[in-house]
Amino acid sequence: MAYRHGVYVSEIPSSVKAPLESDAGTQVIVGVAPVNLADDPYGATNVPLLCHTMAEAKGLVGYSSDFKSYTICGALSASFQIVNVSPVIVINVLDPTKTEHTADVVERSYQVNSGTAQLETVGLLLDKLVVKADDVVLKSGEDYTAAFNDDGTVTLVILPSGKGSGKSQVTVSGKRIAPEKVTGADIIGGVNAAGKETGMEVLRQIFPKLGMVPGNLLAPWFSKDPTVAAIMQAKTTMLNGIWRMFCWVDMDTTSTGAPKYSDVRAQKTKQSLTSPNCAAVWGCPKVGEVIYSPSAFAAAYIARQDAENDGIPMPPQSNIAVAATSICTEDGEEILLDLDQANEVNGNGVVTFLNFNGFRLWGNNTVAYPSNTDPKDRFISARRFLSYDDNNFILTNFGNVDMRANPRLREAVIDQQNTIGASYISAEICARYEMEFLSSENTSETLADGKMYFHKYVAMYLPAEDIEEIVEFDIDAITAAMSK
């Protein structure tokens, strides 16, 4: 050691590290997008794509106002245009390379006016266009250019230097994407013999690819399918072997589903909705004449609520004002709920929208209720907070894996979590949050096996769902006043 003479300073690593946090509100939207409008139509299928703005989303997967055909677009509109919350992760399953997801466009003639022709077919794949003038095939970029209009149709410009110059008519054929052919099986997806993942199997790629822990899983309109809903519920636990999620599903409000509030209970059973990691939403919000998926609308507002609470899921997750102008069935029939009817929907473990001097997201219960009344499983806010906190524990402590299992590591983990817990208690998010290392759980056998068990006691505050004023008439006050 060098000879020392003077005053010196050194630093050691902090035993309490800055916590890493997941974002419980981040939405993962699995569905159909108009990828023919995307910057890379053939690179936007069955991959997780992170979008921070509507402009970014349009470039990545395209955009259309036809929310029933292109189910991702309604969720994008709800998040970016109505609620103004980001980011979202989209997984488009429509594959323009598959014959099952495309359709032939038969050849037909178009009038050329002032050098342009208007192709009214929506969904065209520009690279598949076959444009002819007097049976002469025209070449893109040399004889003509094609560009999409705002409504998804195409304007064809005949170049004056090309072979079609001066022609009054052209014929066009080709291929278009066919969103009507996408099924629930495409949303569920799978893994082929080559290991290619599709549909909800792509959820596995989100953390390795984007470094993000997904929060809320959606499949707008497709989640009415009981099989899709069942897979969504299954995906909420142990994603990548460790992560916990929450899912939001649509209750079917068509004539074959639950068009009336009194049909909700039977429809919930029909859709196989049972998981505490799932919320079902009944009633389609309308903004003007535009109908939105119930789950997409609700999840967007929940994401904003989380963002306003520093990303922490906590009450309120209900009684949140929403920018709907009415509520209707999927078929467009208006729904007029009063408080008693909305509460009956809630009593069946389903969320809805209530017009109480303006529309509000209404309902605190997961679909596990009323079969499961455990507060940690019954309340949406409680279940989402626990999953959020568990994911954060994994993120923060992953670096401790394979370190020496000694008292210093034990105290570092305990101090770390109790520091976090103290902040939750101070902010009145939790009444108790305490981490301990119990000898009863850490026996000589478990320690010899390289295992350490940390016991967390947590009590998050629950929503004040029922507030009652008790009124008592005091006749003695009148008697006393009259005796003066």
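The legends below describe close-up views of a predicted model.

**View 1. Helix 2, residues 71-83, and its bend at Ser77**. The helix has 13 residues. From its first C-alpha to its last, helix 2 reaches 17 Å, close to the 18 Å expected at 1.5 Å a residue. The axis of helix 2 bends by about 30° at Ser77, and Ser77 itself is buried. Asn84 follows helix 2 and has a positive phi, near 65°.

View 2. Helix 2 is mostly covered, with 11 of its 13 residues buried. The buried residues are Thr71, Ile72, Cys73, Gly74, Ala75, Leu76, Ser77, Ala78, Ser79, Phe80 and Val83. Among the elements that cover them are three strands: strand 1 (27-31), strand 2 (49-51) and strand 3 (88-92). The cover also includes helix 1 (54-61) and helix 7 (294-308).

**View 3. The edge-to-face pair of Tyr424 and Tyr433**. A search of the whole structure finds 11 aromatic pairs. In the pair shown here, the ring centres of Tyr424 and Tyr433 are 5.5 Å apart. Why does this pair count as edge-to-face? The planes of the two rings stand at 70°, and an angle over 60 degrees puts a pair in that class. Both partners are buried: Tyr424 has a relative accessible area of 5%, and Tyr433 has a relative accessibility of 4%. Each counts as buried because its value is under 20%.

**View 4. An aromatic cluster of Tyr and Phe residues**. Tyr63, Phe67, Tyr292, Phe297, Tyr301 and Phe353 form one cluster.

**View 5. Arginine side chains over tyrosine rings**. Arg378 lies over the face of Tyr369, at 4.2 Å from the ring centre. At Tyr457, the residue over the ring is Arg432, whose charged end sits 4.2 Å from the centre.

**View 6. Domain 1 and domain 3**. The domain assignment of the chain gives domain 1 as two segments, 22-94 and 182-375. Domain 2 covers 100-180, and domain 3 covers 402-483. Between the C-alpha centres of domain 1 and domain 3 the distance is 31 Å. Where these two domains meet, six residues of domain 1 are in contact with six residues of domain 3.

Note on methods: Residues numbered from 1 in each chain as written. Predicted model: local features only at pLDDT ≥ 70, side-chain atom pairs only at ≥ 80, totals over all residues. Heavy atoms only, no water. Helix = DSSP H or I, 4+ residues; strand = E, 2+ residues; numbered from the N terminus. Expected span 1.5 Å × (residues − 1). Bend = angle between axes of the 7 residues up to and from the residue. Buried < 20%, exposed > 50% of the residue type's maximum accessible area, 1.4 Å probe, protein only. Contact = heavy atoms within 4.5 Å. Phe/Tyr/Trp six-rings, centres within 6.5 Å; stacked < 30°, edge-to-face > 60°. Lys NZ or Arg CZ within 6 Å of the ring centre and 35° of its normal. Domains from an automatic or database assignment.
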